[in-house]
Structures are given as C-alpha cells and as structure tokens.
Amino acid sequence: MLMRTDPFRELDRLAQQLMGPGTWSRPSAMPMDAYREGDEYVVAFDLPGVTADAIDIDVERNMLTVKAERRPVAKSDDVQMELSERPLGVFSRQIMLADTLDTEHIQAGFDAGVLTLRIPISERAKPRKISIGVGSGHKEISG
C-alpha cells in the first residue's frame, strides 16, 4: 500500500470530491509556459496522461483555446484501487494573442505529455529599416 506524509491530504481529497473533475462546461486549468524564441512565440502546456486525439485547439480572432480530456484508464474487474490522485476530466486554457502574431500559421506538436504551439510573429511586427531620401529624392506634394 502506498502512503505519503501530507497533513493536508484529507483536505485536498475532500476539496477534489466537492469540486469534481473538470467537465466541458466547467474545465480545470492546465499549467503552461509562454516565451519568445527568435521570430516565434512558443506556448507549452503540460498534459501528462492525455492522448493527442483528446486535445482540441481553436483560434477565433485573437483568442486561442486549448481543451484536453484525461480519460480513465480501462481496468479489469479484479483491480482494486488503493490510491487515486491523478486528476481526470477536462482541462482548458484560453490565451488572448496579440495582433502581431500570425494565427494563420500556428504549428502544434505533442511529445512526452507536453503540447507545444509555435506561433510566428507577423512580418508587419518585425523591426525593419526605413531609408531616408536625401536631396532630389524628395518630392513635394501640393494640394
């Protein structure tokens, strides 16, 4: 039998029972990291125990929504659960993306329980050099 020493274990268990697992209408949050890497914005979500087909990614305007469902593992009838701490249910996260990101070219990868989204920075948001005309290169517009 597995035991852990945690004085708040029963309180955590009771809170989990009262709140219940996440549902599609009331999902639980999922942890994430977000950072810029070169000309891309990278967002990584921790989704251990979730299969790739249980992940749903949507972009509407500038709102990115990621939903995932961790389903129970099928067990035979002779299995007796001793300890169950891994949360099941639906997890979700919404992120408002800046106008400077190219939402048409988002790439998604899933490896070792981590969903990684790579969002390119749009060309109009990248710094660019503006040349200055000297002398006769200027034209005056009269109205």
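This briefing walks through the strands, sheets and side-chain contacts of the structure above. The model is a predicted one, so please read every value below as computed from it. Four strands form an open antiparallel sheet in the order β2-β3-β8-β7, and another open sheet of four strands has the order β1-β6-β5-β4 with mixed pairing. Three salt bridges are counted, and E37, E40 and R118 are linked in a network of them.

**The antiparallel sheet**

- Let's start with the order of the strands, which is β2-β3-β8-β7 in an open sheet with antiparallel pairing.
- The edges of this sheet are β2 (32-37) and β7, each of which pairs on one side only.
- On average, neighbouring strands here are turned by 20 degrees against each other, with direction ignored.
- Strands β2 and β3 run antiparallel and are joined by six bridges; R36 has Y41 in β3 as its bridge partner.
- Strand β3, covering residues 40-46, pairs with β8 in the antiparallel sense over seven bridges, and E40 stands opposite P120 in β8.
- Strand β7, covering residues 107-111, runs antiparallel to β8, with five bridges joining the two; here G109 stands opposite T116 in β8.
- The hairpin of β7 and β8 has two residues between the strands, and A112 in this hairpin takes a positive phi near 55 degrees.

**V114 in strand β8**

- V114 lies in strand β8, which spans residues 114-120.
- Is V114 buried, partly exposed or exposed? With a relative accessible area of 26%, V114 is partly exposed, because buried would require a value under 20%.
- Leaving aside residues up to four places away in sequence, V114 touches A44, F45, D46 and G109.
- Two of the strands already described come back in that list: β3 covers residues 40-46, and β7 covers residues 107-111.
- The C-alpha atoms of V114 and P48 are separated by 7.0 Å, although these residues are 66 residues apart along the chain.

**The salt-bridge network**

- Which residues are linked in a network of salt bridges? They are E37, E40 and R118.
- The side chains of E37 and R118 meet in a salt bridge with an N to O distance of 2.8 Å. This pair links distant parts of the chain, with E37 in strand β2 and R118 in strand β8, 81 residues apart.
- R118 also forms a salt bridge with E40, where the closest N and O atoms are 3.1 Å apart. R118 lies in strand β8 and E40 in strand β3, so this pair ties together parts that are 78 residues apart in sequence.
- As for accessibility, E37 is partly exposed with a relative accessible area of 40%, R118 is partly exposed at 26%, and E40 counts as partly exposed at 23%.

**A salt bridge between R71 and E69**

- The side chains of R71 and E69 meet in a salt bridge, at 3.7 Å from N to O.
- R71 counts as partly exposed at 43% relative accessibility, and E69 counts as partly exposed at 23%.

**The mixed sheet**

- The mixed sheet is open and has four strands, in the order β1-β6-β5-β4.
- Why is one side of β1 and of β4 left without a neighbour in the sheet? Strands β1 (28-29) and β4 (55-60) stand at the edges and each has a single partner strand, so one side of each has no neighbour there.
- Strand β1 pairs with β6, residues 89-96, in the parallel sense over two bridges, and the bridge partner of S28 in β6 is F91.

**T65 in strand β5**

- T65 lies in strand β5, which spans residues 63-70.
- T65 counts as buried at 14% relative accessibility, because that value falls under the 20% cut-off.
- A polar contact of 3.1 Å joins the side chains of T65 and Q94.
- Not counting residues up to four places away in sequence, T65 touches D56, I57, D58, S92, R93 and Q94.

Key. Residues are numbered from 1 along each chain as its sequence is written. This is a predicted model: local features need pLDDT of at least 70, side-chain atom pairs count only at pLDDT 80 or more; totals for chains, interfaces and linings use all residues. Side-chain values use heavy atoms; hydrogens and water are left out. Buried means under 20% relative accessible area, exposed over 50%, partly exposed in between (1.4 Å probe, protein chains only). Contact means heavy atoms within 4.5 Å. Two strands pair if DSSP finds at least two bridges between them. Axes are lines fitted to C-alpha atoms, for helices over the stretch in contact, and angles run from 0 to 180 degrees between N-to-C directions. A polar contact is a pair of N or O atoms within 3.5 Å; within protein, one must be able to donate a hydrogen and the other to accept it, and residues adjacent in sequence count only if both atoms are side-chain atoms. A salt bridge is a side-chain nitrogen of Lys or Arg within 4 Å of a carboxyl oxygen of Asp or Glu.
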